[in-house]
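Subject: Handover of a structure and notes on its features

Dear colleague,

Please find the structure below, followed by an account of what was found in it. I would be grateful if you would read the notes with the coordinates open.

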Amino acid sequence: MQRASILCSSNPLLPIPTFPPTTHKLAAASLQTRHTRLDSPLRLPLNRLHNYRLALPPLHSTATAEIVKTAEVESGFVSVGYVANVHGLQGEIRVKPSTDFPELRFAEPGRRWLRQQISGQERVEEVELVEGRGHPGQKSWILRLRGIDNVDQARQLIGSTLLVREEDRPELEEGEIYTRDLVGMRVILKETGKPVGNVVNVFNSGASDLLQVMLDSSLDILDSTGKPKPAGTTLSGHLVLIPFVEEIVPDVDIKKKEMQITPPKGLLELNLRFDERSKKERRQIEWKERKKSQKRLIAAKKKLCEMDQKHVFDGLRFGEKAQRSLLADQIVGVNSLLLQQALENVEIHSKRLNVTEMVSVLKAEETSSTLEISEKCLISSASEDKLSTHSHLQEKGVDLLSKGKVAIALVVNNSYDTENSMSSFVQTLLRDNLRLLKMEDRALVPLILVCSAQKIESLRMHFSENDYFGFDSEKVQFFEEEKLPVVSNSVEEEKKHKILMKSPWEILQSPVGSGGVFSLLSSHNVPENLSEMGVEYIEICSTNPRNVVANSLLLGFVNKNKADVGIQIFKDTNDFEESFDVIFSTDYMKKLTKQLNKLQINATAKQNAYVEMVDKEWVDVNPSSPNSYEFDCTIYSSLKACSFDKLCIMEVTE
């Protein structure tokens with residue numbers, strides 16, 4: 001166990017994350033994004049800028065960073081790191097860098113500035129850097145400041161932000177600009193020359209960098225519902241996100257501080273709704289929302305206290321407001337009921353569900369309905385010769401889909417290497433009439449998409465840019481995949497299984513898997529809402545290339561047998577978690593989401609580094625063997641609650 005900086009972890013949660021310097025060339029022939037990859041699984045807020053350098057051809061420059069918050073643009077200072085902890089007893093401090101130029105900022109003596117919170121007020125004071133050296137093991141720098149000669153003086157600086165003057169920024173190579181130089185740029189429509197607004201922020205969505213633009217009050221557009229701007233209503237203050245890619249932002253003029261854009265249809269209107277309420281009414285609503293957020297945080301903390309997990313709140317006493325706010329959001333986001341069930345399952349040591357064995361048992365049961373078909377029969381255009389005696393099942397399934405009696409929940413697999421590969425596959429799938437619904441039937445079908453936090457904004461953007469692929473935008477919902485905290489696998493004293501922290505402000509979490517869809521649907525009241533819309537069946541399937549979304553044949557089979565659950569399995573695979581397609585009756589789903597305790601949640605021993613507070617200091621723990629449990633749940637665990645005579649199995653052969 002090593003002493004660590006207050007920000008030190010395998011992936012620290014900072015108000016401004018640090019990225020290594022990278023370069024990225026734009027090719028005119030293909031869609032190239034101006035970005036660096038965001039490898040961290042963090043859910044980042046929109047008000048943060050990123051630390052990266054990109055080398056681009058002239059007129060297609062992008063950002064490089066020493067990071068600065070939007071609020072600091074006028075301050076004349078640039079944040080280069082955080083005083084994370086003390087080092088030794090001679091007054092040295094440990095700094096976590098947030099700059100692409102650490103040697104320049106921390107190894108060269110000279111003037112620096114510290115920003116501190118003192119008695120609730122922010123102060124910036126000049127200090128002199130005497131010397132500095134890197135600390136590779138902690139991914140930090142050890143600095144000595146003049147006048148700080150003992151550990152007590154050094155401790156008073158913990159949590160401070162190290163600053164430099166803006167004019168001291170290094171000169172960049174041709175084709176490079178700083179992130180902060182994008183902020184404040186005017187945004188203009190290239191075709192008409194009309195003003196769109198001003199860039200107020202830049203952040204990385206994983207697929208591309210996004211510009212956050214505050215719309216100009218004179219802009220004349222419809223909102224996301226198609227509603228025109230009412231007379232006397234302005235757009236001032238409305239924010240939209242614009243991908244920083246060459247196809248959408250072809251021209252950037254640094255000298256003029258403006259960029260020209262060619263947005264696809266619907267991009268500026270995305271998530272835009274006109275608000276005709278008065279300023280006073282909007283403030284009252286904002287105040288009420290803050291109160292609700294505070295109540296949710298209090299309730300979440302109470303539940304975690306009941307589970308002896310008070311240590312999770314330690315980070316709320318340190319760091320900056322943005323960091324504490326992010327931790328508060330994560331605390332509120334913990335599914336305490338599901339976590340409690342998972343912890344109980346650890347003590348029970350249930351045998352892991354074997355889908356292959358379970359299917360064999362079900363097929364042997366005379367009460368279960370089974371159907372064996374060729375994979376060629378799955379596509380909607382399969383001929384009657386291929387379908388043989390099963391054509392009536394497909395006809396029934398198509399009929400239910402065309403009448404809006406079926407909802408689809410598409411779970412985007414996490415196996416894609418890049419955002420582009422994920423987006424490419426999803427777009428290919430959604431444009432395929434043979435493996436999905438015909439365009440004319442899509443407007444009636446509710447669609448739910450579940451994916452990781454890193455992919456969700458990219459997915460939203462793709463749907464917006466492609467007119468929702470024929471689906472009704474009001475019936476399309478995007479959910480982040482369910483996650484659960486990672487817990488220690490050793491019961492220390494009376495603390496039971498402790499939630500592990502990735503950083504002081506980030507809970508270490510892992511995806512629950514396909515079974516997490518049930519808790520998502522339950523928490524958003526989806527089954528009840530779909531039932532009110534007249535939906536009779538809910539299909540939940542993965543984005544595996546072999547799956548046929550809107551599986552009319554399986555749907556018809558389930559309907560014919562009046563089953564609660566119908567599952568499709570491929571005879572030649574054992575990877576059921578990556579290739580699942582299950583149809584539930586809406587009535588059964590409503591019952592299931594109220595009985596989540598019947599789902600089996602498994603605990604897998606894993607090796608995870610984490611941070612914890614010891615003697616009022618944060619320390620890094622780097623285990624050499626499995627030290628924690630990650631929880632997972634498969635969609636097939638729902639079958640344990642289903643009667644055999646209400647279950648259908650469709651086995652697909654080559």
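Val-202 is buried at 0% relative accessibility, where buried means under 20% relative accessible area, exposed over 50%, and partly exposed in between (1.4 Å probe, protein chains only). The residue belongs to strand β11 (residues 195-204); helices (H or I, at least four residues) and strands (E, at least two) are DSSP runs, numbered from the N terminus. Val-202 and Gln-212 stand 10 residues apart in sequence, and their C-alpha atoms are 5.9 Å apart in space.

The model is predicted: local features need pLDDT of at least 70, side-chain atom pairs count only at pLDDT 80 or more, and totals for chains, interfaces and linings use all residues. Residues are numbered from 1 along each chain as its sequence is written, and side-chain values use heavy atoms, with hydrogens and water left out.

Ser-79 sits in strand β3 (residues 77-87). Between its C-alpha atom and that of Glu-166, 87 residues away along the chain, the separation is 9.4 Å.

Salt bridges

Side chains of opposite charge can pair when their charged atoms come close. A salt bridge is here a side-chain nitrogen of Lys or Arg within 4 Å of a carboxyl oxygen of Asp or Glu. The whole structure contains 15 salt bridges by this search.

One of them joins Asp-314 to Arg-317, at 3.1 Å from N to O. Asp-314 is buried, with 17% relative accessibility, whereas Arg-317 is exposed at 58%.

Another pairs Asp-399 with Lys-403, whose closest N and O atoms are 3.3 Å apart. Here Asp-399 is partly exposed at 27% relative accessibility, and Lys-403 is exposed at 52%.

Which residues gather in a patch of positive charge on the surface? They are Arg-290, Lys-291, Lys-295 and Lys-321. Patches are made of residues with over 30% relative accessible area and no salt bridge; like charges are joined within 9 Å, and nonpolar side chains (Val, Leu, Ile, Met, Phe, Trp, Tyr) within 5 Å. Lys and Arg count as positive and Asp and Glu as negative, while His and the chain ends are not counted. The place of a charge is taken as NZ of Lys, CZ of Arg, CG of Asp or CD of Glu. Accessible areas come from the Shrake-Rupley method with a 1.4 Å probe, and for residues only the protein chains shown count as cover.

Helix α4 (residues 279-306) supplies the largest share of the patch, three residues. Lys-291 lies in helix α4 and is partly exposed, with a relative accessible area of 36%.

Helix α5 (residues 321-333) has 13 residues and spans 18 Å from its first C-alpha to its last, close to the 18 Å expected at 1.5 Å a residue. The expected span of a helix is 1.5 Å times one less than its number of residues. The buried residues of α5 are Gln-323, Leu-326, Leu-327, Ala-328, Gln-330 and Ile-331.

Helix α13 and positive phi values

Helix α13 (residues 516-523) is mostly covered, with six of its eight residues buried: Gly-516, Val-517, Phe-518, Ser-519, Leu-520 and Leu-521. Asn-525, which follows α13, has a positive phi near 60°.

Asp-308, in the loop between α4 and α5, has phi near 60°, a positive value in a residue other than glycine. Its relative accessibility is 38%, so Asp-308 counts as partly exposed.

Lys-562 has phi near 50°, again positive in a residue other than glycine. Lys-562 lies in the loop between α15 (552-560) and β26 (565-570) and is exposed at 67% relative accessibility.

Yours sincerely
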